[in-house]
Amino acid sequence: MGNILTFENVDAGYGRVQILHDLSFSVEEGEVYGVIGPNGCGKTTMFNALIGLIIPTKGKITFNGQDVTKVKPAARCHMGIGRTYQVPRPFEGMSVFENVLVAAVHGAGHSEHEGRGVALESLKLTDLYEKREIPAGELTLLDRKRLEIARALGTQPKLLLLDEVAAGLTEAEVQDVMKMVADLKAAGYSIIWIEHVIQTMVESTDHLMCMAEGHQLLIGEPRPVMESKEVEAVYLGVEEEDIEDE
Ligand SMILES: Nc1ncnc2c1ncn2[C@@H]1O[C@H](COP(=O)(O)OP(=O)(O)OP(=O)(O)O)[C@@H](O)[C@H]1O
Ligand SMILES: [Mg+2]
């Protein structure tokens with residue numbers, strides 16, 4: 001299978017502050033691609049460049065064979081890039097179903113009738129179908145994370161972007177998330193998954209990229225990347241800086 005996504009030598013940032021430096025990597029169609037790296041290294045910023053919230057000052061982003069480097073966010077969403085946010089932000093007063101319906105109608109541009117079908121499918125894939133009438137504000141953290149994924153699925157993405165969906169969950173809940181990601185992969189989605197929970201990255205990904213200072217430090221099979229000297233050094237460096245700060 002070919003690549004669903006390629007970053008080639010991308011520089012990007014916020015205003016004059018450059019965060020991504022010559023970032024290059026590719027994601028194969030149908031795989032789970034893990035991304036790790038210390039806090040502030042630019043993982044979420046990579047997602048922002050990928051969905052079009054920020055436009056690279058150099059380099060090229062190719063999605064599904066098309067150059068999307070300068071394509072607007074709404075158009076990229078229609079092309080099939082669906083993201084979750086690191087901090088879930090549902091419409092709290094609306095039901096679980098309505099939250100996903102909004103994504104399907106406004107994000108993907110479905111009619112309300114089509115949107116309803118897509119929303120119900122998304123809720124089944126994320127195990128929220130039974131909870132569809134509950135106000136989103138009443139959900140547990142795990143279910144809020146599920147809803148965040150369901151909303152992304154409501155836009156009918158080819159490529160699903162998960163930003164720390166396992167953060168803050170218990171071990172048993174992390175297992176549930178890993179099972180859901182495996183189901184989504186089996187359903188044919190390509191997935192990029194940013195996560196600090198090491199177990200998820202070693203067990204659930206096909207390739208793993210460690211970023212450092214906005215650049216790909218190391219890319220490869222998950223376990224060798226995780227156990228490499230380079231990756232150990234970059235995390236150790238962060239811990240030492242933290243200690244010096246105290
Ligand atoms: N909207 C913004 N405007 C200016 N700077 C920002 C903005 N968002 C993030 N940054 C800065 O960009 C850098 C990279 O942040 P980013 O959120 O991409 O890191 P991250 O790798 O996702 O970290 P974490 O693991 O903590 O989520 C940080 O220095 C951050 O302060
Ligand atoms: Mg982040």
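The structure is a predicted model, in which local features need pLDDT of at least 70 and side-chain atom pairs count only at pLDDT 80 or more, while totals for chains, interfaces and linings use all residues. Residues are numbered from 1 along each chain as its sequence is written, and chains are lettered from A and ligands numbered from 1 in the order in which they are written.

H3 covers residues 96-107 and reaches 16 Å from its first C-alpha to its last, close to the expected 16 Å (1.5 Å times one less than the number of residues). Helices (H or I, at least four residues) and strands (E, at least two) are DSSP runs, numbered from the N terminus. Among the buried residues of H3 are Val96, Phe97, Leu101 and Gly107. The buried residues of this helix pack against helix H2 (73-79), helix H4 (112-125) and helix H5 (141-154), where contact requires C-beta atoms, placed from the backbone, within 7 Å. Gly109, which follows H3, has a positive phi, near 75 degrees.

Six strands form an open sheet in the order E6-E7-E8-E3-E9-E10, with mixed pairing (two strands pair if DSSP finds at least two bridges between them). Strand E6 (81-83) and E10 stand at the edges with a single partner strand each, so one side of each is left without a neighbour in the sheet. Strand E9 (residues 207-212) runs antiparallel to strand E10 (residues 215-220), and 5 bridges join them. Within this pair, Cys210 stands opposite Leu218 in E10. E9 and E10 form a hairpin with 2 residues between them, and Glu213 in the turn has a positive phi of about 50 degrees.

Ligand 1 is surrounded by 12 residues, the closest being Tyr14, Asn39, Lys43, Thr44 and Thr45 (C-beta atom, placed from the backbone, within 6 Å of the ligand). Strand E2 (17-28) and helix H1 (43-51) are the elements that give two or more residues to this shell. H1 provides the largest share, 3 residues.

Notes
Buried ≥ 20, exposed ≤ 12 C-beta atoms within 10 Å, placed from the backbone. Contact = placed C-beta atoms within 7 Å.
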